[in-house]
Amino acid sequence: QEIRPTLIRGEAAEGLGVPEDTLGLKLTRRYLGSGRRLLEYAVQTGTADAFVYRTILSSDQDADGLEDS
């Protein structure tokens with residue numbers, strides 16, 4: 001996946017209720033199957049102040065990020 005800065009314009013600005021050229025983040029994801037065949041391509045755009053990206057890499061935590069009991 002890729003996360004890049006972008007200026008939010010056009011329909012995206014209108015849909016998000018922000019002025020043209022508002023600074024945002026564009027998230028692009030590619031889901032690949034066997035043989036690296038593209039199964040899905042997704043693009044999301046959001047305002048920079050409303051964007052959170054969290055990754056947890058630990059064998060001591062569940063998939064939801066909470067400690068095991």
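## Around L16

L16 touches I8, T45 and G46, leaving aside residues up to four places away in sequence. This is a predicted model, so please read the contacts and distances below as features of that prediction. L16 itself belongs to helix α1, which covers residues 10–16.

Is L16 buried, exposed or partly exposed? With a relative accessible area of 39%, L16 is partly exposed, because that value falls between the 20% limit for buried and the 50% limit for exposed.

## The sheet

Let's turn to the strands. Three of them form an open sheet in the order β1-β2-β3, and their pairing is antiparallel. The edges are taken by β1 (2–8) and β3 (38–47); each has a single partner strand, so one side of each has no neighbour in the sheet. From one strand to the next, the twist averages 25°.

How many bridges join β1 to β2? There are 7, and β2 spans residues 22–32. Within this antiparallel pair, E2 sits opposite T28 of β2.

Now for the charged side chains. Side chains of opposite charge can pair when their charged atoms come close. Across the whole structure, a search finds 3 salt bridges.

E2 takes part in a network of salt bridges together with R4 and R30. With R4, the closest N and O atoms are 3.3 Å apart. With R30, the N to O distance is 3.6 Å. Because R30 lies in strand β2 and E2 in strand β1, this second pair ties together parts that are 28 residues apart in sequence. Both partners count as partly exposed: E2 has 30% relative accessibility, and R30 has 42%.

Which residue forms a salt bridge with D21? The partner is R9, and the closest N and O atoms of the pair are 2.6 Å apart. D21 is partly exposed, with a relative accessible area of 42%.

Notes: Residues numbered from 1 in each chain as written. Predicted model: local features only at pLDDT ≥ 70, side-chain atom pairs only at ≥ 80, totals over all residues. Heavy atoms only, no water. Pairing = 2+ DSSP bridges. Helix = DSSP H or I, 4+ residues; strand = E, 2+ residues; numbered from the N terminus. Axes fitted to C-alpha atoms, helices over the stretch in contact; angles between N-to-C directions. Buried < 20%, exposed > 50% of the residue type's maximum accessible area, 1.4 Å probe, protein only. Contact = heavy atoms within 4.5 Å. Salt bridge = Lys/Arg side-chain N within 4 Å of Asp/Glu carboxyl O.
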